[in-house]
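Please look at the sequence and the 3D structure together, and keep both in view while you read.

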Amino acid sequence: MAKRAAPVLHRDNPDKEPLSGHVKVTPEDWLNVARDLLISEGVAGVKVLAIGERLGVSRSSFYWYFKGRNHLLEALLDDWEARNTAPILDHCELPAANISWAVCNFFRCFVDPDLFDASLDFAVREWSRRDGKVRNRIDAADAQRLAAVTAMFERHGFSAYEAEARARILYFMQCGYHALEVREPMQARTARLEGYLLGFTGVEPDPEAVAAARAFAEGKMLY
């Protein structure tokens, strides 16, 4: 997986409105650096002092935006759900002519880092091993994601039983793919697309869906 770029601060981003007065950083800056530390160092590395040093501000400015470290950690979990769960739910509900198109919509989340941050998902799962409340958030998110994929199969004529079974195969395979940090050229990955679709759905793939998905994935060139 490609090395992550450091988050761009609001003050260094020409696309953002200039900061006014004595404001040097925004709540988003604190959250972005906290996310970066969570991924690179684990939750133990998410410390107010360390974030302040990265931002070049005193830790006192942190309290303009957050009540304390626990408040920041809750914001990180909310951010993770917005970044990684919401796009999956949305893509499972996109209009699709058939199950090939529907599954290819689901696949888009896992080849586009703007739709799913695999490193962030892994970091939150690691965090959950030591925190029961975070484990509950993980379990709830997985249940939401599975329900969305199951409903996607049901909309395309699969029975409730088969839809749930295929959803679990599809979702857990995709999670495992990222957990194992499989490294391969995108072209090699997309070369198996017809076989993946047949295996996941039991239906001969729609050539137009395959072509569109292959073009989208290879355009991302993650590997």
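Which residues lie nearest the centre of the largest cavity? Phe107, Val111, Arg189, Leu193 and Tyr196 do, and they belong to a lining of 17 residues. Before going further, note that this is a predicted model, in which local features need pLDDT of at least 70 and side-chain atom pairs count only at pLDDT 80 or more, while totals for chains, interfaces and linings use all residues. Residues are numbered from 1 along each chain as its sequence is written, and side-chain values use heavy atoms, with hydrogens and water left out.

Rolling a probe the size of a water molecule over the atoms shows where empty space is left. A cavity is a set of points, on a 1 Å grid over the protein atoms alone, where a 1.4 Å probe fits but cannot get out, and its lining residues have an atom within 4 Å of a point. The structure holds 1 cavity of 30 Å³ or more, and about 210 Å³ of space lies in the largest cavity, where grid points are joined across faces, edges and corners and the volume is the space filled by probe spheres set on the points. The elements that give two or more residues to this lining are α4 (99–111), α7 (160–179), α8 (186–191), α9 (193–201) and α10 (207–220), and α4 gives the most, with 5 residues. The lining divides into 13 nonpolar, 2 polar and 2 charged residues, where Ala, Val, Leu, Ile, Met, Phe, Trp, Tyr, Cys and Pro count as nonpolar, Asp, Glu, Lys and Arg as charged, and the others, Gly among them, as polar.

The protein chain has 10 helices and 0 strands, which are DSSP runs numbered from the N terminus (helices H or I, at least four residues; strands E, at least two). The axes of α4 and α10 come within 9 Å and cross at roughly 5 degrees; axes are lines fitted to C-alpha atoms, for helices over the stretch in contact, and angles run from 0 to 180 degrees between N-to-C directions. These two helices are therefore roughly parallel to each other, a term for angles under 35 degrees, whereas 65 to 115 counts as roughly perpendicular. Their contact (heavy atoms within 4.5 Å) includes Trp101 and Arg108 of α4 and Phe216 and Lys220 of α10.

Elsewhere, helix α1 (residues 27–41) and helix α3 (residues 69–92) have axes that come within 10 Å and cross at roughly 85 degrees, which makes α1 roughly perpendicular to α3. Among the residues that meet are Leu31 and Arg35 in α1, and Leu72 and Asp79 in α3.

For "domain: HTH tetR-type", UniProt lists residues 24–84 in an unreviewed entry; its positions are given in the numbering used here, feature names are shortened, and annotations may be inferred rather than shown by experiment. Over residues 24–84 the chain is 64% helix and 0% strand.

Key:
Angles under 35 degrees count as roughly parallel, over 145 as roughly antiparallel, 65 to 115 as roughly perpendicular and the rest as oblique. On a 1 Å grid over the protein atoms alone, a cavity is a set of points where a 1.4 Å probe fits but cannot get out, and a pocket is an open set with protein on both sides within 12 Å along at least five of seven lines; lining residues have an atom within 4 Å of a point.
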